[in-house]
Amino acid sequence: MTKKIFRSIFIVAMVVFLACLALIMGVLYSYYGSVQENQLAAELSFAAQGVEQNGLAYLTGLRGKDNRLTWVAADGKVLFDSQTDAKEMENHAEREEIKKALKNGTGESARYSSTLTEQTVYYAKRLSDGSVLRISISRFTMLALGISMLQPMCIILVVALVLSGALAHSLSKRIVKPLEAVNLDKPMENDTYEELAPILTRLEQQHRQIRYQREELRERKNEFLAVISNMNEGLVLLGENETILSINPAAAGFFGTDRDYIGKNFISLERNRAIGKMISSAEKSGRGELAISRGGREYQLSASRVENGGKISGVVILIFDITEKIFAERNRREFTANVSHELKTPLQSIMGSAELMQNGLVKPDDLPQFARRIRSEAARLVTLIEDIIRLSQLDEQPDFMIEEVDLSSLAREEINTLQLAADDKRVTLAFEGESVTVKGVRQLLHEVIYNLLDNAIKYNLDGGSVTVSVKAENEAVCLTVADTGIGIPSEYQTRIFERFYRVDKSHSKQIGGTGLGLSIVKHAVQYMNGKIDLKSESGVGTTITVTLPA
């Protein structure tokens, strides 16, 4: 933390210093440049009057001055130059400042040296006889000025670095020192920043909780039972003659009992012959496995022999719930098949329309219709691919930025966004609730509200209504989207959040969509540690409630 504070202060100081240095140099260079140009114009005016009165004799007297004077005839021939023999100089008729002076009476230009370190400024004025008098001066460019000032700038930069480093080091130490002095063993006795008070209070609560848990653990006679009772996996310990030594709640739930079977034979708990064979296999070969379905879920049973001093002392049975794994594998296969189908359908339509157009089988009057079909199917492909990419991102659990989001304001924005779609179906949109702030991912919250609201409109009845409500409840925030649409039959309600799943495929194809909206909602809510509740009745409507931790 000290390094981060030091680095931030140091970088800010250096950026401010360099910006000020660049600004000062630019302003000074511009100011003195404009002053020099004004002086040059004034000197040219004086010289022009002298030439008008005394001609070449006046210019001869100015030879050797800092500024260079050049007298050019109307045809571009150089009549006089204060630093070079005029006979050796080329014709100046094409010089920019000469052309401007001959045309407008005055002219100016600037030219850089090949190294860009020197700039020559020219001012020219047409005299009464048609000739042109030109004055010029050379000066450093910003690049040359910077190079010439490199040494003092480096010295100033080193001094600024040292001062900024010392200041940043001192400030970071002063900021971190109270944090380093915090006594975590006695959180409430610390005198430190007020901002740390909630954390220290929480630490004190945790200390009290830990002391309470330690006292509770000391009172337990069997620590092993306390451990296995909290396991998600089922665990059964069998002793000699398959006597039950221990069984945890997960295993008891698997075998469908809440009775105490400790000390009884395993056959009194379970009479399944396949499980009995698995235990016998473990006793003989050291290990046995079995996959079994029970209660609509899938389980993997593993039995291992326990030896003590070379003798068989018992068998350990572990029960794993692999329903989610099986479900995920099924979803993967279905997802692959659905993606292939969903991609193939619009592609075939696009290819078919394009082939008819290519072969000249489409009447000119029908070309717009075929073009609209191609564009519609292409847009459908783009939407599908975007949804698939979003789901893939959510599967990978990326690090989204968590921020304070006004859920009510966001809900109103989505209502305004989908108002036209609702008007097309004559669906009334309404918002209820209070201003509630939640910590979450703004983009994911936007997609959750948009997809729920979009589905509520699409699957609604003409003249129906959709109500979006937001409220705070017991350290949580509830977002509810209720519609008066066609509803979802109870037998399909457990699957509507699966990818590409549609209750009525024919109706879904008519209204469009990719079948991924509710799946995106599910994954987004899970990412933000929330939960979804669905209530629906066919022909009455659907209410979906998203609950997020406040």
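This is a predicted model: local features need pLDDT of at least 70, side-chain atom pairs count only at pLDDT 80 or more; totals for chains, interfaces and linings use all residues.
Residues are numbered from 1 along each chain as its sequence is written, and side-chain values use heavy atoms, with hydrogens and water left out.

**View 1. The whole chain.** The chain holds 16 helices and 17 strands; these are DSSP runs numbered from the N terminus (helices H or I, at least four residues; strands E, at least two). Of its 550 residues, 35% count as buried, meaning under 20% relative accessible area with a 1.4 Å probe, protein chains only. Among contacts (heavy atoms within 4.5 Å) with a separation of 6 or more, 53% come from residues 24 or more positions apart.

**View 2. Helix α12 against helix α14.** Residues 407–417 (α12) and 442–458 (α14) pack at an angle of about 45°, their axes 10 Å apart. Axes are lines fitted to C-alpha atoms over the stretch in contact, and angles run from 0 to 180 degrees between N-to-C directions. The angle makes α12 oblique to α14, a class left over once angles under 35 degrees (roughly parallel), over 145 (roughly antiparallel) and 65 to 115 (roughly perpendicular) are set aside. The crossing of α12 past α14 is right-handed, that is, the near helix is turned clockwise from the far one by less than a right angle. From α12, the contact uses Leu407, Leu410, Ala411, Glu414, Ile415 and Thr417; α14 supplies Arg442, Leu445, His446, Ile449, Tyr450 and Leu453.

**View 3. Helix α16.** Nine of the eleven residues of α16 (residues 517–527) are buried, leaving the helix mostly covered. The buried residues include Leu518, Ile520, Val521, His523 and Tyr527. Asn529, which follows α16, has a positive phi, near 60°.

**View 4. Ser536 in strand β16.** Ser536 sits in β16, residues 531–537, and is buried at a relative accessible area of 18%. Its side chain makes a polar contact with the side chain of Thr542 at 2.8 Å; such a contact is a pair of N or O atoms within 3.5 Å, where within protein one must be able to donate a hydrogen and the other to accept it, and residues adjacent in sequence count only if both atoms are side-chain atoms. Leaving aside neighbours within four places in sequence, Ser536 is in contact with Gly487, Ile488, Gln493, Gly541 and Thr542.

Definitions and conventions: Buried means under 20% relative accessible area, exposed over 50%, partly exposed in between (1.4 Å probe, protein chains only).
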